[in-house]
Amino acid sequence: MSITLINTLAQPLKTAAKFINHNEQPSGLSTSRFIQDTGTCLVPKAVFARSKADLAENAFLELAESGLVYFVPALIGEKIARKAFSKNLNAQAKNMVATSASALMEQKNSLSKQVLPVKAAIALSALLIPLTEFTLNYFKNLMTLKVFKKGDFNNIANLTKEKEDKSVQTRVEKSAIKNIKRAAAVFLGSLGLGVLIAKKGANSKTLQHISETILAPGSKFFSKNEKAKNFFNKYFSLDFASENGKLVLSKGQLTSCVVVGGAGYFGASKDRGKQNFLETLFRFPVVGFYIITGSELFEKGFKKLLKKSGKCKETLIGKNLETPTFDKLEAIAKELAKKNKTTVESEFKKLAKQKVLISGVPFLFSIGFMGFFVAGVSNAFTRYRYNKEKKNAQAAAASVMNYHKPSPAFKKFMI
């Protein structure tokens, strides 16, 4: 294990190496990424918090969203839905549940016809994740109403100290309850469809087609266009991804969280006023794009830059920009030490520095740009818009008063 060689590194390289190594272990992935992503998003928002209510809202959202993404998929997909829907499959078919839907569609045999509906049912049950994401902002609005007695975003963001209109609070509360109920109804409908597909799908051509559309829309509609097929399978499939034979959150499910959750973001922000909606309109597209593809695009671009500049050896960045995990660096270091007639520790130190550079810069970028920059700029723009709008309203009111004010000539005539 490379952990032995990690302990030979000097601080702070050793700390960074241990952090990255822990992130790469399947057993610690969910916990470490929960801490990493929550810290990346929550710390900047806490720094720029505009009130106690604003801080409480951001803490609630970031903790709930990270927990939802990193812990619920394994619970729903692997522990509950997989066991419930695959209980009637034989041992071989049960193992095939973790096989990609596109691969099963190519097989076109009796086993794949049994497994596809089960996978579709599992995927539909996982709609609980994006639908819960949708409701979080409405729950946040209710929390702020009950705890801080505030429903107007201008007061929550500390833009004004004016007394709130009770009708605004009533509107926010009614909308939140209505949309939470809507999300619950949609989930029950998707769950019912999943049960139907799981029971009847193996013998129904219609349900087979529906299953294929849910699991692999690219393979279903763009089989002759490789790029389109891969794109739609990656970003629009509701199927789980597989990691060591276990079901984990896929890129497509993450996309659904951003899209469906985004509807909740915009709806809940609109309920609380124009400035909340405009702030969401500014921030959400940037953050949403980064969550779905931005981090991946940035990492790829950074690896290409490192490879082109010769900063990292080919052993660290492969042809397809893949990088070995920390537990594989020890074997690479031994080969290099034998080839270069040096010590394993010295070669491992060089590799560790490169590995930390490759993984660390994208992480620091997410904290610096996606964290502090976006949070700070969005808050500043909101205050700027509010002040400008208030100034324009005052100028318009003054103009109206001057228009109706009697002229000196008129006053003289009246005398």
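I began at Gly273, which follows helix 15 and has a positive phi, near 120°. Helices (H or I, at least four residues) and strands (E, at least two) are DSSP runs, numbered from the N terminus.

I noted that this is a predicted model, in which local features need pLDDT of at least 70, side-chain atom pairs count only at pLDDT 80 or more, and totals for chains, interfaces and linings use all residues. Residues are numbered from 1 along each chain as its sequence is written, and side-chain values use heavy atoms, with hydrogens and water left out.

**Helix 15.** The 21 residues should span 30 Å, and the end C-alpha atoms are 30 Å apart, which agrees. I then looked up its cover: 15 of the 21 residues are buried. Buried means under 20% relative accessible area, exposed over 50%, and partly exposed in between (1.4 Å probe, protein chains only).

**Salt bridges.** I found twelve salt bridges in the structure. The term requires a side-chain nitrogen of Lys or Arg within 4 Å of a carboxyl oxygen of Asp or Glu.

I recorded a salt bridge between the side chains of Glu57 and Arg272 at 2.5 Å, N to O. Glu57 lies in helix 4 (residues 52–70) and Arg272 in the loop between helix 15 and helix 16 (274–309), so the pair ties together parts 215 residues apart in sequence. Glu57 is buried at 4% relative accessible area, and Arg272 is buried at 3%.

I next examined Asp239 and Lys119, whose closest N and O atoms are 3.0 Å apart in a salt bridge. Asp239 sits in the loop between helix 14 (226–236) and strand 1 (241–243), and Lys119 in helix 8 (residues 110–125), 120 residues apart. Asp239 is buried at 8%, as is Lys119 at 3%.

I also looked up Lys274 and Glu389, a salt bridge with its closest N and O atoms 2.9 Å apart. This pair links helix 16 to helix 18 (residues 344–404), across 115 residues. Lys274 is exposed at 52%, whereas Glu389 is partly exposed at 36%.

I noted, finally, that Arg50, Asp54, Glu279 and Arg283 are linked in a network of salt bridges.

**Surface.** I asked where Val47 is found. Val47 belongs to helix 3 (residues 26–47), and counts as exposed at 54% relative accessibility.

Technical notes: The expected span of a helix is 1.5 Å times one less than its number of residues.
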